[in-house]
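What holds the reader's eye along the way is taken up one stop at a time.

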Amino acid sequence: MNPAQSRLSLRELRRKTDRELVILAGREIERSLKLVSRGAIADAEATYLQARVLMRIARAPDPQRSEMEARLDQTRAAIDRLRCGASAYAQSASC
């Protein structure tokens, strides 16, 4: 394999890796939302953070990145609502 072929192979590998990272981040977002619906705040937070890290690593195209960032924002808001509700219930006050 010559250097040009090697660079091409590395670029192809990086593209494939980025696609897989975005898919994995999407799965983590979905998992986090399911955990929110079950009331598992700590687990939802952990999977949300994993998805966020994966998206920072991935080199996704701008439209896809924007979509994923919006999903992350929705997930963060759902976690915050759940946390606020749990906090308000525990303290008998509003968030």
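A salt bridge here is a side-chain nitrogen of Lys or Arg within 4 Å of a carboxyl oxygen of Asp or Glu. The model is predicted. By that rule, the count of salt bridges comes to eight. Side chains of opposite charge can pair when their charged atoms come close.

Start with the network. E45, R76, D80 and R83 are linked by salt bridges into one network. Which residue does E45 meet at 2.7 Å, N to O? The partner is R76, and the contact is a salt bridge between the two side chains. This pair links distant parts of the chain, since E45 sits in helix α2 and R76 in helix α3, 31 residues apart. Are these two residues buried or exposed? E45 has a relative accessibility of 17%, so E45 counts as buried. R76 has 18%, so R76 counts as buried as well. The cut-off behind both calls is a relative accessible area under 20%.

R83 has a relative accessibility of 36%, so R83 counts as partly exposed.

Now move along the two helices. R52 and E69 form a salt bridge, with 3.5 Å between their closest N and O atoms. R52 lies in helix α2 and E69 in helix α3, so the pair links parts of the chain that are distant, 17 residues apart. How accessible is each side of this pair? R52 is partly exposed, because its relative accessible area is 21%. E69 is partly exposed too, because its relative accessible area is 24%. Partly exposed covers the range between the buried limit of 20% and the exposed limit of 50%.

Next comes the nonpolar interior. In soluble globular proteins, nonpolar side chains tend to be buried together. The largest nonpolar core in this model has 17 residues. Within that core, V22, M55, M68 and L72 have the most contacts. Which elements give two or more residues to the core? They are α1, α2 (41–57) and α3 (62–91). The most comes from α1, with six residues.

Turn to the surface. R7, R11, R15, K16 and R19 gather there in a patch of positive charge. R7 is found in helix α1, which spans residues 3–38. A residue needs over 30% relative accessible area to join such a patch. R7 has 49%, so R7 is partly exposed.

Q74 has its place in helix α3. Its relative accessibility is 53%, so Q74 counts as exposed. How far is Q74 from L33, C-alpha to C-alpha? The distance in space is 9.1 Å, while the two are 41 residues apart in sequence. A42 lies in helix α2. With a relative accessibility of 60%, A42 counts as exposed. The C-alpha atoms of A42 and R15 are separated by 32 Å, and the two residues are 27 apart along the chain.

End at the start of the chain. N2 has its place in the segment before α1. The relative accessible area of N2 is 38%, so N2 is partly exposed. N2 and A46 are 44 residues apart in sequence, and their C-alpha atoms are 43 Å apart in space.

Note on methods: Residues are numbered from 1 along each chain as its sequence is written. This is a predicted model: local features need pLDDT of at least 70, side-chain atom pairs count only at pLDDT 80 or more; totals for chains, interfaces and linings use all residues. Side-chain values use heavy atoms; hydrogens and water are left out. Patches are made of residues with over 30% relative accessible area and no salt bridge: like charges are joined within 9 Å, nonpolar side chains (Val, Leu, Ile, Met, Phe, Trp, Tyr) within 5 Å. Accessible areas come from the Shrake-Rupley method with a 1.4 Å probe; for residues, only the protein chains shown count as cover. Lys and Arg count as positive and Asp and Glu as negative; His and the chain ends are not counted. The place of a charge is taken as NZ of Lys, CZ of Arg, CG of Asp or CD of Glu. Helices (H or I, at least four residues) and strands (E, at least two) are DSSP runs, numbered from the N terminus. Buried means under 20% relative accessible area, exposed over 50%, partly exposed in between (1.4 Å probe, protein chains only). A nonpolar core is a set of buried Ala, Val, Leu, Ile, Met, Phe, Trp, Tyr and Cys residues joined through side-chain atoms within 4.5 Å.
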